[in-house]
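Me: Hi! Could you walk me through this one while I have it open in the viewer?

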Amino acid sequence: MDTSVNVLCIGAGYVGGPTMAVIADRCRHARVTVVDVNEARIAAWNSDALPIFEPGLDDVVRRARGRNLFFSTDIEAGIRDADIIFVSVNALTKTFEEGAGRAADLQYWEKTARQILAHSTRGKIVVEKSTLPVRTAEAMERILNSGERGLRFEVVSNPEFLAEGTAIKDLERPDRVLVGSHETPAGANARRAVTDLYATWVPRDRIIESNLWSAELSKLTANAFLAQRISSINSISALCEVTEADVDEVAYAIGTDSRIGPRFLKASVGFGGSCFRKDILNLVYISESYGLDEVARYWESVVRMNDWQEARFVRRMLASMFNTVAGKRIALFGFAFKADTGDTRESPALAVTRQLLDEHAHVVITDPQALANARIDTARLEGAIEYEPDPYAAAKGAHAIAVLTEWEVYRTLDYARLLAAMERPAFVFDGRNILDHRRLFEMGFSVYAVGKRPLKHV
Ligand code: UDX
Ligand code: UDX
């Protein structure tokens with residue numbers, strides 16, 4: 001094993017930060033530096049208030065920071081010293097011209113590749129960590145190997161499979177680590193250098209090696225399959241609401257078939273997060289660009305179903321609240337795209353907020369971790385919005401509570417106390433199916449859960 005390897009990560013975000021912290025924690029022989037253009041973010045990584053909320057992250061950072069884990073804004077020096085460079089800058093969906101709304105916006109990637117080339121004095125291994133469209137490595141490589149000094153760079157794809165909220169666990173005990181490279185001697189060497197890092201703590205049989213394109217495509221496909229399961233069960237939830245079926249019972253019954261399996265079958269107000277939508281739309285775009293329109297339409301429907309599910313949730317609120325929410329105070333419990341994160345990217349809560357404001361509702365948002373992001377996301381929306389850290393204060397005088405994130409704290413609130421402070425009739429819309437619906441109904445709430453017959457008093 002190499003006793004001193006310099007690892008650099010460009011991009012100190014939700015992926016780069018936790019991944020490098022775990023690599024440093026587990027690989028004492030590696031010196032790990034994380035750089036970012038965002039000075040405030042780097043300052044936060046060097047402080048006691050880390051820039052992202054992730055269970056277990058504080059401990060890992062505390063153990064490794066200053067020992068073999070460093071956060072810095074000096075990108076040039078970082079590049080110069082590095083043997084292996086992970087690139088984890090954000091690849092957003094393009095918002096303009098060709099491919100707008102679907103293709104990935106690769107300008108940061110290209111900029112980063114040029115930066116690496118400009119500041120390198122020897123060849124290096126460059127690892128794609130961000131999710132990118134298939135064949136991005138090829139473009140990267142062309143830029144990296146275009147220099148006049150004859151430096152050789154080897155590009156490796158090592159897609160990230162961590163989920164937010166469980167990032168540390170996913171990194172410490174991954175189902176698998178995937179490393180793709182060219183099938184040349186230089187490619188194989190680069191692949192080995194990256195797998196050796198992980199092999200410090202991940203069993204070898206969980207490290208999958210493949211060619212570069214398979215690794216890239218596997219990441220998009222994994223996310224597309226996960227999202228597809230949610231859209232599938234959400235489509236069935238609509239059917240359950242109009243029949244006597246209960247979506248949790250259906251999910252349980254099908255999930256016990258070992259070929260189907262129980263996970264990712266939780267019906268909800270919709271999936272969010274920075275990856276699912278973007279990755280599927282990338283898949284759609286790539287398929288179209290190869291003339292595979294049927295493939296494109298197939299995967300696109302997963303996203304369409306999700307948009308429909310979010311809209312349907314609000315339509316159901318409207319219909320049950322006598323076809324108007326104008327002027328009514330509505331408490332949104334949760335704004336994060338899932339529990340245990342402060343991240344709100346693509347959160348269904350944003351779509352719900354937007355549609356409620358269009359209906360002139362008075363929206364009060366509460367969330368234990370995501371209020372700051374909620375404020376930023378909704379800053380440009382017009383209408384009555386409040387942000388309230390205390391769920392009891394949020395529900396005071398409200399006509400309805402809508403649970404949009406499955407935070408554990410919402411299960412254990414004193415609902416009798418909430419009800420006492422609300423307008424009547426009082427409604428609960430459980431967009432995550434986490435509450436005890438029968439008990440709430442008996443208490444006096446009219447309860448609407450996803451994929452279930454309503455329990456209503458009015
Ligand atoms: C990750 C993956 O990289 C991305 O492909 C996936 O779609 C979402 O998850 P994430 O870590 O969540 O991205 O993104 P973010 O938290 O936005 O972090 C990216 C960081 O890169 C930011 O801190 C940004 O300042 C930094 N950056 C961006 C640079 O340092 N240089 C750049 O040129 C661009
Ligand atoms: C996802 C992938 O799981 C991860 O492997 C990849 O690296 C990045 O994208 P993440 O977006 O962090 O991770 O969260 P995930 O747990 O996958 O949840 C995504 C969304 O689906 C959330 O909004 C979640 O609430 C929703 N979801 C998940 C459901 O609605 N039902 C489910 O059964 C599971």
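**Sheet and helices**

Reply: Happy to. There is an open sheet of 6 strands, ordered E11-E10-E9-E12-E13-E14, and the pairing is parallel. Keep in mind that this is a predicted model.

Me: Which are the edge strands?

Reply: Those are E11 (385-387) and E14 (446-449), each of which pairs on one side only. On average, neighbouring strands in this sheet are turned by 20 degrees against each other, ignoring direction.

Me: And how many bridges join E9 to E10?

Reply: There are 5 bridges between E9 (residues 329-333) and E10 (residues 362-366), and the two strands run parallel. If you want a pair to click on, phenylalanine 333 sits opposite threonine 366 of E10.

Me: Which strands does helix H14 touch?

Reply: H14 (residues 371-378) packs on the sheet and touches E10 and E11. The direction of H14 makes about 160 degrees with that of E11.

Me: Switching to H11 now. Why does its end-to-end distance agree with what a helix should span?

Reply: H11 covers residues 276-289, so 14 residues, and at 1.5 Å a residue it should span 20 Å. The C-alpha atoms at its ends are 20 Å apart, which agrees. After H11 comes glycine 291, which has a positive phi near 75 degrees.

Me: Is H11 mostly covered or mostly open?

Reply: Mostly covered, with 10 of the 14 residues buried. Among them are Phe276, Ile280, Leu283 and Ile286, and also Lys278 and Asp279.

Me: What do those buried residues pack against?

Reply: Two helices, H9 (212-242) and H12 (293-320).

Me: Let's take H9 with H11, then. At what angle do the axes cross?

Reply: Roughly 115 degrees, with the axes coming within 9 Å. The crossing is left-handed. On the H9 side the contact includes Leu217, Leu220, Ala224 and Ile230, and these H9 residues are part of a group that meets H11 residues including Phe276, Asp279 and Leu283. The residues of this contact divide into 10 nonpolar, 2 polar and 2 charged.

Me: Last one: what about H5 and H6, right-handed or left-handed?

Reply: H5 passes H6 in a right-handed crossing. The axes of H5 (residues 107-119) and H6 (residues 136-144) come within 9 Å and cross at roughly 35 degrees. H5 brings Trp109, Glu110, Ala113, Arg114, Ile116 and Leu117 to the contact, and H6 brings Met140, Ile143 and Leu144.

Me: How do those divide by type?

Reply: Into 7 nonpolar, no polar and 2 charged.

Definitions and conventions:
Residues are numbered from 1 along each chain as its sequence is written. Chains are lettered from A and ligands numbered from 1 in the order in which they are written. This is a predicted model: local features need pLDDT of at least 70, side-chain atom pairs count only at pLDDT 80 or more; totals for chains, interfaces and linings use all residues. Side-chain values use heavy atoms; hydrogens and water are left out. Helices (H or I, at least four residues) and strands (E, at least two) are DSSP runs, numbered from the N terminus. The expected span of a helix is 1.5 Å times one less than its number of residues. Buried means under 20% relative accessible area, exposed over 50%, partly exposed in between (1.4 Å probe, protein chains only). Contact means heavy atoms within 4.5 Å. Two strands pair if DSSP finds at least two bridges between them. Axes are lines fitted to C-alpha atoms, for helices over the stretch in contact, and angles run from 0 to 180 degrees between N-to-C directions. A crossing is left-handed if the near helix is turned anticlockwise from the far one by less than a right angle, and right-handed if clockwise. Ala, Val, Leu, Ile, Met, Phe, Trp, Tyr, Cys and Pro count as nonpolar, Asp, Glu, Lys and Arg as charged, and the others, Gly among them, as polar.
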